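Visitor: Before we talk about packing and pairing, could you show me the model and then tell me how the terms are set?

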Amino acid sequence: MGGGELPGLLVNEIGGIRGILHGHIAFLKKHFYLITMKEFLENRKHMSKKVQAIYLWWYKSVIDQELLQSLPNLKVIANSGVGMDHLDLKLVAGFGVKVANAPCDVSGSTADTGMALLLASARRLVEGYHVAISSGMKYCEADFLGVEVTGATLGINGMGSIGYKIALRAKAFEMNILYHNRTRRKEQEEQAVGATYCKKIDSLLQKADFVMVVVSLTPLTDELIGKREMELMKPAATLINISRGAVVDQEAATALQTGVIRAAALDVTYPEPLPRDHMLLKLKNIIITPHLSIKTDKATYMITEETAENILAALNGLPIPSEVLHS
């Protein structure tokens, strides 16, 4: 790889299980000199001064003090998504390095994932698939029943951009929409989706047929949904988590075994993936997907474009469109 005048961008790898997608490489190479972590570690002395930015793709490289100290010209770390719980923002800020995420282009695809999980759980699609392909299949049992989505009540915990797009989709299914959020939405925004604000999360949990968790992971939201919250939910309710795995206390998910709630659908777990002997992997009334929220061809490419815009702004001393500040 020839560096030329392009700024060095450190990435975990190119292609493979954990690397930048091959379809994004040509675009990135127009703006940056790509340096893989392997190349950096093999020639740290030469490469350290070239790196001006780090792109954290799906696999999050460890950003620690040792790495930051070895990159004297690092100006910005850009993340391929919204959640920043994998970064020590205080540590990064201490080195004078800016941080950016990519919030704008993930909301639609993440909302789609949330609705897909809701529908799949309600109509028992995964179970039905296994019934349909089983060797002894002759007919489906008459009592293989799901639950109705049309007219049901959806409780959205977290009404940011993703939560609001979920509400827009739920409105098309004629669902009744409740939401809980730190800040109440404007009246016209509520009216546009037919949403009712719940000042207390307990009220939402008690009334909703489907509870969808769409919050960032912070000290305040760690294990936000635990044993007490699940016991407040209806016995026929479904819990859907598309935020971060640690937002739900997975030990409290024994509620799925004892019938405290009907079902759960999780796009995130803690850790990811779960140990292969984990109790949740043995249950029939749960759907677990491997963090698919933004994984569409269009969304991932848009994220890379947004990330490049953030990085170039930082390198040129311009305001960063999606800067994340340490509070």
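Guide: Contact here means heavy atoms within 4.5 Å. The model is a predicted one, in which local features need pLDDT of at least 70 and side-chain atom pairs count only at pLDDT 80 or more, while totals for chains, interfaces and linings use all residues. Residues are numbered from 1 along each chain as its sequence is written, and side-chain values use heavy atoms, with hydrogens and water left out.

Visitor: Which residues of H1 meet which residues of H13?

Guide: On the H1 side they are Gly23, His24, Phe27 and Leu28, and these meet Thr300, Tyr301, Thr304, Glu305 and Ala308 in H13. By class, this contact of H1 with H13 has four nonpolar, four polar and one charged residues, where Ala, Val, Leu, Ile, Met, Phe, Trp, Tyr, Cys and Pro count as nonpolar, Asp, Glu, Lys and Arg as charged, and the others, Gly among them, as polar.

Visitor: Why are H1 and H13 called roughly parallel?

Guide: Helices are DSSP runs of H or I with at least four residues, and strands are runs of E with at least two, numbered from the N terminus. Axes are lines fitted to C-alpha atoms, for helices over the stretch in contact, and angles between N-to-C directions run from 0 to 180 degrees. Helix H1 (residues 22-29) and helix H13 (residues 297-315) pack at about 25 degrees, with their axes 10 Å apart. Angles under 35 degrees count as roughly parallel, over 145 as roughly antiparallel, 65 to 115 as roughly perpendicular and the rest as oblique; H1 and H13 are therefore roughly parallel to each other.

Visitor: What makes S8 and S12 edge strands?

Guide: Two strands pair if DSSP finds at least two bridges between them. The open sheet of seven strands has the order S8-S7-S6-S9-S10-S11-S12, with parallel pairing. Strand S8 (195-197) and strand S12 (286-288) each have a single partner strand, so one side of each is left without a neighbour in the sheet.

Visitor: How do you know that S7 and S8 pair?

Guide: Strand S7 (residues 176-180) and S8 are joined in the parallel sense over three bridges, against the required at least two. Within this pair, Tyr179 stands opposite Tyr197 in S8.

Visitor: What is the strand order in the open sheet of five strands?

Guide: The order is S2-S1-S3-S4-S5, with parallel pairing. Strand S2 (33-36) and strand S5 (98-100) are its edge strands, each pairing on one side only.
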